[in-house]
Amino acid sequence: MACVLLVSKEKVKDPKKWFSAEMDIDYQWEKDLGGYQSGSIHFSGIEGFYRFEDFQNDYFTYWGMDSWFSVAGDNEIIYGFYSEDNLSAEYVHIKNGECIREYRSYFDWPEENVDEGDSPEFDDWVAVSMYVDREMC
């Protein structure tokens with residue numbers, strides 16, 4: 001199971017403060033190997049993006065697009081989630097105020113599945129899991 005949010009470094013000057021404000025929680029960040037930890041959230045940086053990983057899936061999962069647009073604001077964000085237990089996955093990419101990719105695949109709720117945009121290509125939740133593990137780390 002993985003749940004990762006990438007936020008472009010371009011406009012976010014203090015990522016820990018930004019995240020705390022967006023989640024409306026006063027996080028206490030502690031330095032660890034490779035980044036910072038606060039509860040179930042690990043923060044680090046990768047090329048061009050700040051990376052927030054939720055180890056317990058307490059945040060992000062099953063959000064509607066209104067919530068994603070609200071969090072993105074004028075930032076580029078990429079979100080990826082998958083669950084082997086539930087055979088489900090989500091992927092959202094917002095850039096310049098537009099959703100350029102939304103993919104949702106739910107085993108238990110197939111009527112909620114979405115596949116809009118074309119890059120990256122996903123055939124199922126497994127493809128999302130491989131992308132999250134390989135490209136978003």
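**Legends for a predicted protein chain**

Figure 1. Residues are numbered from 1 along each chain as its sequence is written, and side-chain values use heavy atoms, without hydrogens and water. There are 11 positive and 30 negative side chains, and the centres of the two sets lie 11 Å apart. Lys and Arg count as positive and Asp and Glu as negative; His and the chain ends are not counted. Each charge is placed at NZ of Lys, CZ of Arg, CG of Asp or CD of Glu.

**Figure 2. Secondary structure of the protein chain.** The chain has 3 helices and 9 strands (DSSP runs: H or I of at least four residues for helices, E of at least two for strands, numbered from the N terminus). Along the sequence the pattern is β-α-β-β-β-β-α-β-β-β-β-α.

**Figure 3. Helix α1 and its packing.** Helix α1 spans residues 15–23, and its buried residues are P15, W18, F19, S20 and M23 (buried: under 20% relative accessible area, 1.4 Å probe, protein chains only). These buried residues pack against β1 (2–8), β4 (41–46), β5 (49–54) and α2 (65–72) (contact: heavy atoms within 4.5 Å). After α1 comes D24, with a positive phi near 55 degrees.

How values were computed
Predicted model: local features only at pLDDT ≥ 70, side-chain atom pairs only at ≥ 80, totals over all residues. Buried < 20%, exposed > 50% of the residue type's maximum accessible area, 1.4 Å probe, protein only.
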